[in-house]
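We will go stop by stop.

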Amino acid sequence: MKKYFFRLFIGSFVFLFFKITRAADISGALEWYLATTIYMVYTVVVVMLLWEVIARSATYFDKKVQSTKDEFNVSKLFLKVTLVSIPCVLLFAYLFNFHVIRWVPEDCCMEQANFWADAATGYVMGLLIIYYEIVKISNCRAVKTAKEKESIQKELFAAKYEGLKNQVNPHFLFNSFSTLTSLVETDSKAAVDFIDKLSDLYRYVLEHDGQNLVSLKCELNFLDDYVYLLQIRHQDSLIVKKDINLKIEDYKVPSLSIQTLVENAIKHNSFSKEDPLEILITNDENGFISVKNLKSAKPTADKTTKIGLKNLANRIKLTIKKELQILEDESSFEVKLPISLAKV
């Protein structure tokens, strides 16, 4: 409602401005006739109608750009809205010069109407309104972008915290050190490899600190180190297969994303040497990485909050502008992770 009061005020101001500037002297500017009232009402109505057309047009074209994910271009938006406003300006000038003016009594003092002069005045007024609306849209976009960046940083921090917590929590360290102790006693070379892979995990997290998207190649290499440590402990109980038919250097994914999905499958399923957990990582033609496993619920499974998947879904929505897809039935659980071209 405030915007309409503002437009009403501007319409009244525009009329008074032209009345004062066109008057020959102060006394002429202060004179008020029936024609003056008619002109003022018409001017206010024209300003409000023209403003509404321009505002709705600007919003429509801006939303269309957002839906197609094209780059915001002020010049193109200005041109499109101007082309919409010109017919409106000509229509209002026509209505005034050939219809409204007939309502004015013949004995009222009034200036001689001029269609092109009125159209030019309306066009200039329209340009000012267009400029105002585009500045408002630009400011809204800037605020929205700033909020999105802030949200991305918050989600990234939450994801990093979850990733670090999963990798350095006491259980993981205890199991890793137990495995390392056994390797030192039985296979010193394997123990050295184990230490190298464990250090690579921490190095990856530290090196990509602050990055929203990382190379798919780097993420898969990180996943290999993570899976290596798990398979040293679980042996044949855990099988992770990768079948990626992509040029992985050309794509990006949120950091720790694929590892989160693999860790989620391990956390919520029971497995053994006799009944191993098999996780299949593939890609499809629609730009998704699929992480799929057969379900084998733990006998005493803890209640899941799915906070890891929620954090990942939010990060993907903010960085890649796509949705994380979760496909689940009685026998299998699959998560489809959208990927982005490296140029994004």
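Contact here means heavy atoms within 4.5 Å. Select L337 with that in mind. Leaving aside neighbours within four places in sequence, L337 is in contact with residues including V253, I258, L261, F288, I289 and L324.

Before moving on, note that this is a predicted model, where local features need pLDDT of at least 70 and side-chain atom pairs count only at pLDDT 80 or more, while totals for chains, interfaces and linings use all residues. Residues are numbered from 1 along each chain as its sequence is written, and side-chain values use heavy atoms, without hydrogens and water.

Next, the cores. A nonpolar core is a set of buried Ala, Val, Leu, Ile, Met, Phe, Trp, Tyr and Cys residues joined through side-chain atoms within 4.5 Å. Buried means under 20% relative accessible area (1.4 Å probe, protein chains only). The largest nonpolar core has 45 residues, and L337 is among those with the most contacts inside it. Now select 216-234: this is helix α8, which gives the most to this core, with 9 residues. A second, separate core has 26 residues, including F15 and F61.

Which residues of strand β7 lie on each side? Select 332-338. S332, E334, K336 and P338 are on one side, F333, V335 and L337 on the other, and all are buried.

Finish with the partners of β7. Strands pair if DSSP finds at least two bridges between them. β5 (288-294) runs antiparallel to β7, with 7 bridges. β6 (325-328) is also antiparallel to β7, with 4 bridges.

Terms used. Buried means under 20% relative accessible area, exposed over 50%, partly exposed in between (1.4 Å probe, protein chains only). Helices (H or I, at least four residues) and strands (E, at least two) are DSSP runs, numbered from the N terminus.
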